[in-house]
Amino acid sequence: GKLSSVAAASDSSNMMSLSAVVSKLLQALNNVPPPNGNLSDVEQSDFIRKCVSQYTTMSLRILDMQLLLLRCAAAGKHSANFCTPIPDEFHGEGWLGERILAVTEQMNSIELLSGQRNLHKQEQALLGMLHSLPWSGQGTLTSSSSSQKSSNFELCFDMEAIRGEPSPRFSQLAKERGVATVFHGTKMENVWSILNCGLWTLSETKFCQHGSILGKGVYFSNNYRTATMFALNQARNCTNSESFQKAWWHFSLVNLLNLSSFNVLEEYTITCFPVFEAQIILPPADGMSTSDEDCTRREGNYFVVPNSWDIRITKLHLTFTFTKKRSMSPFLFA
């Protein structure tokens, strides 16, 4: 029942299918083909050029974030469920997560979009899909650290501009009951699925890891520090995972954090704890009659939201911490 419940997986195949459909539709609208086979050199150059022409400095950083989050999802034990959407070229025999890690191993955003090397079939398909995701190039990614010697580095991915208008249901309930800004701490392997599919209750599924002490629903806190506590505890457990370290050791992390060199990954243990910020429909006021059996409940400083349609994710906060392994230059960032 902790704040670390995760996004919908196989039990929400309708949402996953919708996400895949939207991705393919945007590929067509952006005139970026979803490759079904190896492109010729001329076709590949045209494919890359179309991607590059629509990437900005901001969306290039978002591409790095996408690669990192997908790799973290691939390293999780439920990768077959949480690595969604993913191109058809990745499905087949064996562990899906291992295939994703292998394909993305040499994918460097700067190199990819500079055309320094030819892409093979699966890389082509993945780059096309990443480029076409609804949130790929329209959100705002900002970073901060207190100083060059800081041991913390924070990223905030603001999605409010790409959320569009609330659903009629959300708008109506917001007028009747009001909304609250709340926070949900989770672990890195869940972030990819949540960004693409939303936050869905898993209280009665095999993916529920901490029980449902406050009942069925997605758990939130009205306090950011409380949410980070849950996320930090999970991040510490993930850091020791060999598969997670394999996913972590990647160009995308170096680019995303603007590290001075790849050697920082060797000499520092880097941990990340993710927190989602969202708006939720408040519980009905005392005495208010309602036919909604799945309305939000409040338990002290916590909110439990059984109906995922009453949740609008607005921001993703990623806090990276650096723990020194041995002596090195104090200047981490370029």
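Helices (H or I, at least four residues) and strands (E, at least two) are DSSP runs, numbered from the N terminus. The structure is a predicted model, in which local features need pLDDT of at least 70 and side-chain atom pairs count only at pLDDT 80 or more, whereas totals for chains, interfaces and linings use all residues. Residues are numbered from 1 along each chain as its sequence is written, and side-chain values use heavy atoms, with hydrogens and water left out.

The chain contains 13 helices and eight strands. Of its 334 residues, 52% are buried (under 20% relative accessible area, with a 1.4 Å probe and protein chains only). Among contacts (heavy atoms within 4.5 Å) with a separation of 6 or more, 79% join residues 24 or more positions apart.

Helix H9 spans residues 188–197, and ten of its ten residues are buried, so the helix is largely enclosed by the rest of the structure. The buried residues of H9 include Met188, Trp192 and Cys197. Just after H9, Gly198 adopts a positive phi of about 90 degrees.

A nonpolar core is a set of buried Ala, Val, Leu, Ile, Met, Phe, Trp, Tyr and Cys residues joined through side-chain atoms within 4.5 Å. The largest such core holds 66 residues, of which Phe220, Trp248, Ile270 and Phe320 touch the most other members. Helix H3 (residues 57–75) gives the most to this core, with eleven residues. Apart from this core lies another, of six residues, among them Ala227, Ala231, Phe273 and Val275. When residues up to four places away in sequence are not counted, the contacts of Trp248 include Leu68, Cys72, Met188, Ile270 and Phe320.

Notes:
Buried < 20%, exposed > 50% of the residue type's maximum accessible area, 1.4 Å probe, protein only.
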